[in-house]
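Take a walk through this structure, one region at a time. Keep the sequence beside the 3D view as you read.

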Amino acid sequence: AIGEFAGKMHDDLIDGVNWAVDQGYADPKRVAIFGGSYGGYATLVGVTFTPDVFAAAIDYVGISDLSNFMRTLPEIARPHLANNWHLFVGNPDDPEQLADMLARSPITKVDQIRTPLLVVQGANDVRVVQAESDNLVEALRNRGVEVEYMVKEDEGHGFVNPENVIDMFNTVDAFLAKHLGERNNA
């Protein structure tokens, strides 16, 4: 994973999709991607770097801008930046690394998104701040791209309130049914 956000890590994900399709486990026209936190980032990379692979996508508290993510990490995470996040993602204070981080950030490739997208965010998330989702949704809506956006005011980085979890998964279920079609239980 060192230096491979949107690189080999994404290649592995696409290899997994291709394997599932080749084995006959997945219909290539009905593959969705759903992830939270890093998985949300992977979802957004999927619909920006490989926009024709997925029929639907759900970004749950995901990173859209690696530099903003690094700059807004909470104080508790800061002592560990040099030993992990700077290695994996980069240091936004280094201009060369910042340029690389922006090149690997879905927010800079938002013009590539054409996959139906649901974005889910906790308003109190201190790990992946709401601006990560707000900026992405605003950029898509400014392009006239339909995007569903769920923000829960009483949630942080991962929903814990049962009524919100149920609402989120009901929304995800309806979203997937709309964009992938009903389940085929044959």
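Start at Ser-105. Leaving out residues up to four places away in sequence, Ser-105 touches Ser-64, Asp-65, Leu-66 and Ser-67. Ser-105 sits in the loop between α5 and β3. The model shown here is predicted. In it, Ser-105 has a relative accessibility of 0%, so it counts as buried.

Now move to one of those partners, Ser-64. Ser-64 belongs to another loop, the one between β2 (56-60) and α3 (66-72). Is Ser-64 buried or exposed? Ser-64 has a relative accessible area of 1%, and because the cut-off for buried is under 20%, Ser-64 is buried. Its side chain has a polar atom 2.7 Å from the backbone oxygen of Glu-132. Setting aside neighbours within four places in sequence, Ser-64 is in contact with Leu-44, Ser-105, Pro-106, Ile-107, Glu-132 and Leu-136.

Follow Leu-136 next. Beyond four places in sequence, Leu-136 touches Leu-44, Asp-59, Ser-64, Ile-107, Val-110, Ile-113, Leu-117 and Val-119. In general, nonpolar side chains tend to be buried together in soluble globular proteins.

Two of the helices make a clear crossing to look at. The axes of α1 and α2 come within 11 Å and cross at roughly 75°. The two helices are therefore roughly perpendicular to each other. Which residues of α1 and α2 meet? From α1 come Met-9, His-10 and Leu-13. From α2 come Tyr-38, Ala-42, Val-45, Gly-46 and Phe-49.

Turn now to charged side chains. Side chains of opposite charge can pair when their charged atoms come close. How many salt bridges does the structure hold? It holds 4.

One of them joins Arg-114 and Asp-52, with N and O 2.8 Å apart. This pair links distant parts of the chain, 62 residues apart. Arg-114 is in the loop between α5 (95-103) and β3, while Asp-52 is in the loop between α2 and β2. Both Arg-114 and Asp-52 are exposed.

Another salt bridge forms between Arg-104 and Asp-100, and their closest N and O atoms are 2.9 Å apart. Arg-104 has 9% relative accessibility, so it counts as buried. Asp-100 is partly exposed, with a relative accessible area of 38%.

Lys-152 and Asp-167 also meet through their side chains in a salt bridge, at 2.5 Å from N to O. Lys-152 lies in strand β4 (residues 147-152) and Asp-167 in helix α7 (residues 162-180), so this pair ties together parts 15 residues apart in sequence. Lys-152 is buried, at a relative accessible area of 15%. Asp-167, at 29% relative accessibility, counts as partly exposed.

How values were computed
Residues are numbered from 1 along each chain as its sequence is written. This is a predicted model: local features need pLDDT of at least 70, side-chain atom pairs count only at pLDDT 80 or more; totals for chains, interfaces and linings use all residues. Side-chain values use heavy atoms; hydrogens and water are left out. Helices (H or I, at least four residues) and strands (E, at least two) are DSSP runs, numbered from the N terminus. Buried means under 20% relative accessible area, exposed over 50%, partly exposed in between (1.4 Å probe, protein chains only). A polar contact is a pair of N or O atoms within 3.5 Å; within protein, one must be able to donate a hydrogen and the other to accept it, and residues adjacent in sequence count only if both atoms are side-chain atoms. Contact means heavy atoms within 4.5 Å. Axes are lines fitted to C-alpha atoms, for helices over the stretch in contact, and angles run from 0 to 180 degrees between N-to-C directions. Angles under 35 degrees count as roughly parallel, over 145 as roughly antiparallel, 65 to 115 as roughly perpendicular and the rest as oblique.
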